[in-house]
Amino acid sequence: MLVIDSVSKSLGEFSLSNVSLSVEDGEYFIVLGPTGAGKTILLETIAGVYSPNAGRILLNGRDITEVPARERNIGMVYQDYMLFPHLNVEANIGFGLKSRRADPAFIRGKVEESADLLNISHLLHRYPGTLSGGEQQRSAIARALVMEPEALLLDEPLSALDVKTRESLRAELARIHEATGTTIVHITHNFEEVFDLADRVAIMRGGDVIQVGTPEEIFRRPNSDFVAGFVGVENLLRGTGSANGTVAVGDLRIRAENAIPGPVSVAIRPEEIQISKVPLPENGRNVVFGRVDSVRPNGGLVRVSVEAGVPFRVTLTRQGFEETGVAPGDAVYLAFRPSAAHVYSSGEEEA
Amino acid sequence: MLVIDSVSKSLGEFSLSNVSLSVEDGEYFIVLGPTGAGKTILLETIAGVYSPNAGRILLNGRDITEVPARERNIGMVYQDYMLFPHLNVEANIGFGLKSRRADPAFIRGKVEESADLLNISHLLHRYPGTLSGGEQQRSAIARALVMEPEALLLDEPLSALDVKTRESLRAELARIHEATGTTIVHITHNFEEVFDLADRVAIMRGGDVIQVGTPEEIFRRPNSDFVAGFVGVENLLRGTGSANGTVAVGDLRIRAENAIPGPVSVAIRPEEIQISKVPLPENGRNVVFGRVDSVRPNGGLVRVSVEAGVPFRVTLTRQGFEETGVAPGDAVYLAFRPSAAHVYSSGEEEA
Amino acid sequence: NSSYFRMATVAVALFIAAFIVMILVGVVTHSPPAVLIECFLSEEIQFAIRLSIVTSVISTLLCILVAMPVAYALARYTFPGKSVMNMLMDIPMALPPLVAGVGLLLFFGVSPVGKSLAAAGLAFVFTPLGIIMAQFFVNLPYMLRVTRSTFQGVNPRYEHVAKTLGCTDAQAFWRVTLPMSWNGLLAGSVITWSKGIGEFGAGLMLAGATRMKTETLPLSLFLNMSTGKLEYAIAAATILIMISVVSL
Amino acid sequence: NSSYFRMATVAVALFIAAFIVMILVGVVTHSPPAVLIECFLSEEIQFAIRLSIVTSVISTLLCILVAMPVAYALARYTFPGKSVMNMLMDIPMALPPLVAGVGLLLFFGVSPVGKSLAAAGLAFVFTPLGIIMAQFFVNLPYMLRVTRSTFQGVNPRYEHVAKTLGCTDAQAFWRVTLPMSWNGLLAGSVITWSKGIGEFGAGLMLAGATRMKTETLPLSLFLNMSTGKLEYAIAAATILIMISVVSL
């Protein structure tokens, strides 16, 4: 288990402020956040590149806060691969074992094993400059994995790759995680990676961890305007919560999945709202009546704006949209379950 | 009307090869393509920064191929704004009129008018370095518009901005286009801009124009594997077309919207397929029977893979998915209209 | 351990910095202040200061004037022979100034061009004009290099925009590129000027070392060292040290 | 029209390039080839060549040895006084070599440190050792600047990765940063060496101009010009020109 306990670090314009996280053994943990959120510093502080200004880092019960990077047994993979350009792939992968003065035959065996796992056995004698981005990143991952690290840190490992390579390497990462059971901390600003890879996700902003949870939780139950906006929850209704789980939003009474009294925001994903020209049965759901404001096709999706006292945004697939037959100006019914309406207190939000 | 007639230009690693396009008066024309497709060279050649190696450029009937940039009356706005840092916003906007030795009072009036249109009147005495990205881009657009150009070229005008600013400036561009009626050529690699802004779209790759059409046509009726892949048409079925508009794909007979005999690809957007556990009525549609392979939630959407002789990918909103109640292993029916199945010849595709 | 490496490298850096300081301080503190001031005010040092300032300012202006078009051509245009020219422009930087001085001496003293220039009243050999020419020739490559990289640092798209806004190439340069290059040009000019003040080898060859005629500060230092007037040499050296430190 | 501006700037560039070529060719072609070869083979020029090569190679090696740790500390670490030190290291670059030479002369000739070094057998004043010291002092900042920017060009993340793979700071330097810096260090060494060969002012002050003792190529050029043996001076200048052209 990797525990980051109240770690602070400031470094030029980037900083971490009092970050606490704990990553389970064998977990695939993704840290998601916009550029400048302090994601890379977090990884580099875990790896031992920097000493934190305050706080502790524990790896499997051992306090490694002041242990130098070379004794931490934590692997690091950067977005730009950072393969040593003067060494071929074999020497790159074997670099760490050579530092440990391992036996050359042992190194050779380990390197081949690791290269095999990453499907780069045919590249061992090539130099990094002659490889594609995907091949370089595979080599960099092999170089880290060959050390059998207690934790593997991936700093936007797929961001520099083109769409196709990114997809295949994403599948590869899932496979490797399955095969090796290594604890992985992976940082990214790309949502796609979250659903395919993450056991849990942390959302960071400006050096703070804002929310931690499963991908499902993060995407459906944001705890703040920032997370809601970041994960694309387009309906954020301000209202007043009561203890029984309903929220008064203007004239509407919305039943939500959780109850927080006082000033709250209700977050509803635009993909979780049903729209229909005919009245919809309640069946325990929230049903709202309104009028279609605009219909905007967007690729294979269609975005519908509905004025229902408060504005609602509904996203449909093109097929789903055609089925409903709605057009601007139509009177429509919107329905969504209480479980799709997540409430968080909006009192403590910053401006 | 702006006519690009068989223009070729090579410049270092980028090039245009025999590009022909014609943009109508007052049209909002978007050129979409990946990085390195030659989009910027195309704009710079139109603007007169470079002379083409071959071909002609006509603006409202006048051959401007060899006319220097300063006499073309074409405005240019770059992604990085390119505001002159040593001049304040007022002097930046007035720069072009000053080149024409216009009367200072006249310049002042025109600058204020243009600043007003872009909502930057309060920034006239600020220097570019003190402005946000969005404010800088507004100033750059005002600087181009104040010259009342016969065509306005926008080189990824929104790419350097954050998500919120991008959305508001996108709305602004639509408004300005409406208000001024200027012919606009806008290049981008971002799909969102296409549906909100474009009258027509051209798709470029490696210096070639691959397809031109309305956003609807491009997104639903790609003419090649490249366009289909680029706009996210995930179902590409190889089959044999017949003259009556059906395509044989393995054991399936698919009715398509267009008829091309011989080896063809059928492109079906994953958002245009209905999925159901109960048999679906044909009503002139294609109905296919299969088994659910996997279900992958992805943000507010759910991606379902179905094996039906050939693999199908279906994208649903979370609400739509929950309504169907499908799970991996279920036997399901897929339905899509002939108009959702677009056929193109796969014979002439390059490897 | 990791911090040993850090300590070792920083220690070497400190040692070298201390050595440099000792050398400079040794010169400046060698003469008693009273003697130093007396030398500063002597007719000879006053002459050297004036001559150094006049020649270096003129040669710097010439360098700026010539470097601007050349640097712009090298930064913006492609033309046949450009890479050869780029290399040629760097030669005087690698060339010992003494050799440059001999070259200039032969050109202006012996060649037909030089002789006809001298006949027309432009005598460079053993004259203050020669000092200016020597400084110009030796310093041009430095000014050129700074100016070229300054111009390269201005995104050509600024000029593209200026042209779509009605500017000719020359107007785009004057109204956009040049104002955006002020800082770089200023820095380059200061370096060029301070190198001009300190120029010795080329001037020695072309203009000679004639007391009170071609006696710039470095030549004064040289002449006074040769004749054993150490306090005058120290005075010239002190002024040159102050100029270098200030111009950084 | 737009091409006038282009033509004008390119024309100035061509003119300057032609001027530089004329100056250099003027030196190289001044003596008849037979005379030139005779001078090359004379005992004096042969001595100057050997002395120049030996001193410049040694001073270059010293510069590399010292520049590596100092440049690494300046490129990678932050420590109190770093910016002052950065400035100090640049001073000898702005300082006229003649002044540096006087500083070294005072330090090694007059100061207690210099006197005890001389007593211990390390005499720098008016000896070939002084030539090496002069070249080292004047050229170190150039080597330092190239080395520092080379190290800065190596992304520190390479070292971070090396450390997560078991390297100490020193091992990360030797196994990663240094091999990745070869090209830069080589280029810097060539420049330093060619500047060392051409060094004149500082050597003149510290080591003096003694025929056949401290007579490097630039000093040979100077001595032979002073005594009117033009063909020997031309021979030394020709060799120096060849070295500068080759080292570019």
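How much area do chain B and chain A bury between them? The answer is about 2,300 Å², with 47% of it on carbon and sulfur atoms. Keep in mind that this is a predicted model.

- Let's begin with a bit of background: the size of an interface is often given as the accessible area lost when the parts come together.
- Chain B and chain A bury about 2,300 Å² this way, and in chain B it is Glu271(B), Arg318(B) and Gln319(B) that lose the most area to chain A, together 23% of what that side buries.
- If you count residues instead, 28 residues of chain B are in contact with 28 residues of chain A.
- There are 8 salt bridges between chain B and chain A.
- One salt bridge to look for is between the side chains of Arg318(A) and Glu272(B), at 3.8 Å from N to O.
- Which parts of chain B each supply at least two residues of the side that touches chain A? They are helix 6 (191–197), helix 7 (215–220), strand 16 (286–298), strand 17 (301–308), strand 18 (310–317) and helix 9 (318–324).
- Helix 9 of chain B gives the most to that side, with 4 residues.
- Sorted by class, the side of chain B that touches chain A has 15 charged, 7 polar and 6 nonpolar residues.

**Two domains inside chain A**

- At the place where the domains of chain A touch, 12 residues of domain 1 are in contact with 10 residues of domain 2.
- The area buried between domain 1 and domain 2 of chain A is about 970 Å², and carbon and sulfur atoms give 68% of it.
- Three residues stand out here: Phe191(A), Phe219(A) and Arg220(A) supply 53% of the area that domain 1 of chain A buries against domain 2 of chain A, more than any other three residues.
- Arg220(A) also forms a salt bridge with Glu272(A), the closest N and O atoms being 2.8 Å apart.
- Across this interface between the domains of chain A, the rule finds 1 salt bridge and 2 residue pairs in polar contact, both residues being at pLDDT 80 or more.
- On the side of domain 1 of chain A that touches domain 2, strand 9 (200–205), strand 10 (208–213) and helix 7 (215–220) of chain A each supply at least two residues.
- By class, that side of domain 1 of chain A has 8 nonpolar, 2 polar and 2 charged residues.

**Salt bridges to look up**

- As a general point, side chains of opposite charge can pair when their charged atoms come close.
- Over all chains, a search of the whole structure finds 62 salt bridges.
- Glu172(A) and Arg138(A) meet in one of them, at 2.6 Å from N to O.
- This pair links distant parts of the chain, 34 residues apart: Glu172(A) sits in helix 5 (residues 163–180) of chain A, and Arg138(A) in helix 4 (residues 133–145) of chain A.
- Are these two buried or exposed? Glu172(A) counts as buried because its relative accessible area is 8%, under the 20% cut-off, and Arg138(A) is buried too, at 15%.
- Over in chain B, Glu150(B) forms a salt bridge with Arg62(B), the closest N and O atoms being 3.9 Å apart.
- Glu150(B) lies in the loop between helix 4 (133–145) and strand 7 (151–155) of chain B, while Arg62(B) is in strand 5 (residues 62–63) of chain B, 88 residues apart.
- Glu150(B) is partly exposed, with a relative accessible area of 30%, and Arg62(B) is partly exposed as well, at 33%.
- Another salt bridge joins the side chains of Glu71(B) and Arg70(B), at 3.7 Å from N to O.
- Glu71(B) counts as partly exposed at 44% relative accessibility, and Arg70(B) counts as partly exposed at 22%.
- Salt bridges that share partners also join Arg170(A), Glu192(A), Asp196(A) and Arg296(B) into one network.

Technical notes. Residues are numbered from 1 along each chain as its sequence is written. Chains are lettered from A and ligands numbered from 1 in the order in which they are written. This is a predicted model: local features need pLDDT of at least 70, side-chain atom pairs count only at pLDDT 80 or more; totals for chains, interfaces and linings use all residues. Side-chain values use heavy atoms; hydrogens and water are left out. Contact means heavy atoms within 4.5 Å. Buried area is the accessible area (1.4 Å probe) that two parts lose on being put together, summed over both. A salt bridge is a side-chain nitrogen of Lys or Arg within 4 Å of a carboxyl oxygen of Asp or Glu. A polar contact is a pair of N or O atoms within 3.5 Å; within protein, one must be able to donate a hydrogen and the other to accept it, and residues adjacent in sequence count only if both atoms are side-chain atoms. Ala, Val, Leu, Ile, Met, Phe, Trp, Tyr, Cys and Pro count as nonpolar, Asp, Glu, Lys and Arg as charged, and the others, Gly among them, as polar. Buried means under 20% relative accessible area, exposed over 50%, partly exposed in between (1.4 Å probe, protein chains only).
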